[in-house]
Amino acid sequence: MANTAVADADSGLTRAQLAARYGLTVAGERPTLAGYTRQLWSYRHFIAAYANAKLIATFATARLGRVWQVLTPLTNAAIYFLIFGVILNTRAGVDNFIAYLCVGLFVFNFTQSVVLNGTQSISGNLGLIRALHFPRASLPIAVTLTQFQNLLTAMLVLVAIVLVTGEPLTLEWLLVLPALLLQSVFNVGTALGMARLGSKMTDLKQLMPFVMRTWMYASGVLYSVQNFAKHLPGWAQLLVELNPLLIYIELVRHALMEDVPLTSSAAQLWLVGTAWALVAFVGGYVYFWRGEKEYGRG
């Protein structure tokens with residue numbers, strides 16, 4: 001009799017009303033943005049452990065191990081200095097071109113590594129995604145954390161280069177910390193956005209190295225930023241000056257070096273850099289969250 005009474009009570013209800021009555025939810029339903037954020041926070045230890053594991057695995061088979069964290073940026077700097085600084089003589093107009101070049105390369109490489117690895121963070125981990133339940137944003141965030149750890153090692157090398165090449169140690173060096181923090185926030189948002197795009201367009205990973213190479217040339221990494229004003233019309237120069245990577249590179253250069261050429265005032269660089277970090281993070285996070293239930297399917 002009780003079962004019959006329950007059936008009669010449920011007979012006039014819609015599916016949504018039945019679900020609400022018995023506390024049921026749709027399988028694979030996307031959580032609210034606030035709920036998703038809480039989930040991510042609860043998985044913070046998993047994100048940190050995963051990032052550390054990826055970092056160790058990167059150099060596990062190399063005979064020199066994590067020494068390559070130092071050798072790779074140094075080798076890149078030496079090659080670019082020979083080609084651009086010596087052969088093409090792009091060092092003209094920059095007093096300390098070695099430090100100028102190294103700052104550009106090290107800071108740019110942070111974002112480049114995050115973008116390239118973030119693009120594959122979903123498509124390259126389908127087995128993990130299909131086997132375990134966790135907020136998928138953990139993967140691109142872990143990519144950023146892994147590359148940030150690489151950056152910390154590279155920054156120790158960069159500091160030594162800047163000092164050896166004659167730059168004085170000043171209180172302005174402390175500005176490197178908030179500059180890299182802004183870049184890290186920007187990188188998280190960019191990695192989240194690229195992760196969703198990469199999951200939908202698997203061929204995107206083939207295109208991104210060319211995109212990043214073009215972005216490097218537009219970021220004043222290999223030559224003085226004064227060349228932009230000499231060779232670009234006003235509207236194109238404005239676009240270049242708003243380039244987020246150029247801004248973060250210039251913020252670090254301004255902190256570590258004296259008499260370094262800048263495209264804008266330091267105050268304007270900080271303002272635009274902060275705006276880029278917020279726009280990229282919020283936009284990338286919301287864009288990734290909206291596709292949460294798509295990842296690993298199909």
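Axes are lines fitted to C-alpha atoms, for helices over the stretch in contact, and angles run from 0 to 180 degrees between N-to-C directions. Helices are DSSP runs of H or I with at least four residues, strands are runs of E with at least two, and both are numbered from the N terminus. This is a predicted model, in which local features need pLDDT of at least 70, side-chain atom pairs count only at pLDDT 80 or more, and totals for chains, interfaces and linings use all residues. Residues are numbered from 1 along each chain as its sequence is written, and side-chain values use heavy atoms, with hydrogens and water left out.

Q: Are helix H6 and helix H9 roughly parallel or roughly antiparallel?
A: Helix H6 (residues 97-119) packs against helix H9 (residues 176-200) with the axes 7 Å apart and an angle of about 25°. Angles under 35 degrees count as roughly parallel, over 145 as roughly antiparallel, 65 to 115 as roughly perpendicular and the rest as oblique. H6 and H9 are therefore roughly parallel.

Q: How many charged residues are in the contact of H6 with H9?
A: Contact means heavy atoms within 4.5 Å; residues meeting across it include Phe110 and Val114 in H6 and Phe186 and Met194 in H9. Ala, Val, Leu, Ile, Met, Phe, Trp, Tyr, Cys and Pro count as nonpolar, Asp, Glu, Lys and Arg as charged, and the others, Gly among them, as polar. The contact of H6 with H9 has 8 nonpolar residues, 8 polar and no charged.

Q: Is Asp259 buried or exposed?
A: Asp259 is in the loop between helix H13 (244-256) and helix H14 (266-290). Buried means under 20% relative accessible area, exposed over 50%, and partly exposed in between (1.4 Å probe, protein chains only). Because its relative accessibility is 67%, Asp259 counts as exposed.
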